[in-house]
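Have the viewer ready and follow along.

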Amino acid sequence: DAIVCRHSTALYPDISLAGTLGLQTLDLDKLLNLDSRTLGIGPALHLPLFQRAQLKAAYGVSQAQLQAAASQYDASVVDAAHDVATQALNLTQAQARRKERDAQIAAAEQLHALAVARARQGIADERTVLSAQSDILQQRDAATTLDAQAVSAQLALIKALGGGYRSD
């Protein structure tokens with residue numbers, strides 16, 4: 001704005017009033033006498049007749065710079081909003097996958113309990129129990145990976161929001 005104002009006001013005439021007050025003498029003895037006083041007041045007028053094209057060009061450049069800066073700011077705001085939306089979506093998806101994985105862990109634990117019960121009754125062998133335990137471990141490992149992804153998504157969301165955000 002300061003650049004724009006400076007260039008736009010340069011297109012108009014500049015009127016000023018100047019004044020001088022001082023002492024003037026050829027002899028140093030008379031320097032402090034009242035007769036050696038000088039006083040001058042006069043107006044000054046500056047018309048930008050021959051610089052008008054240059055001033056208009058400079059004004060146009062400053063307007064273009066201002067518009068470019070505004071466009072760059074708008075693009076930054078849109079990019080920031082897009083980043084926040086993307087990170088929020090990633091966090092929501094990670095939490096949804098974690099809920100699905102919790103259901104799969106619960107189902108694997110039920111299958112393990114059934115396998116243990118069958119093995120006690122002699123209906124099934126220990127391989128079924130070990131297979132059910134292996135499935136539980138795999139599900140828990142996948143859940144741990146999803147937990148890490150959720151934490152990463154939370155951190156990315158906090159960064160996208162500029163920090164200071166807390167998830168409940």
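## About the model

This is a predicted model, in which local features need pLDDT of at least 70, side-chain atom pairs count only at pLDDT 80 or more, and totals for chains, interfaces and linings use all residues. Residues are numbered from 1 along each chain as its sequence is written, and side-chain values use heavy atoms, with hydrogens and water left out.

## Overall fold

The protein chain has 3 helices and 2 strands (DSSP runs numbered from the N terminus: helices are H or I with at least four residues, strands E with at least two). From the N terminus, their order is α-β-β-α-α.

Of the 168 residues, 15% count as buried (buried is under 20% relative accessible area, exposed over 50%, partly exposed in between, with a 1.4 Å probe and protein chains only).

## Helix H2

Helix H2 covers residues 52-121. Its 70 residues should span 104 Å at 1.5 Å a residue, and the end C-alpha atoms are 103 Å apart, which agrees (the expected span is 1.5 Å times one less than the number of residues).

Buried residues in H2 include Leu91, Ala94, Ile105 and Ala108. Gln104 is partly exposed, at 36% relative accessible area. The C-alpha atoms of Gln104 and Ala143 are 9.6 Å apart, although 39 residues separate them along the chain. Just after H2, Gly122 has a positive phi of about 85°.

## An exposed leucine

Leu45 belongs to strand E2, residues 37-46, and is exposed, with a relative accessible area of 56%.
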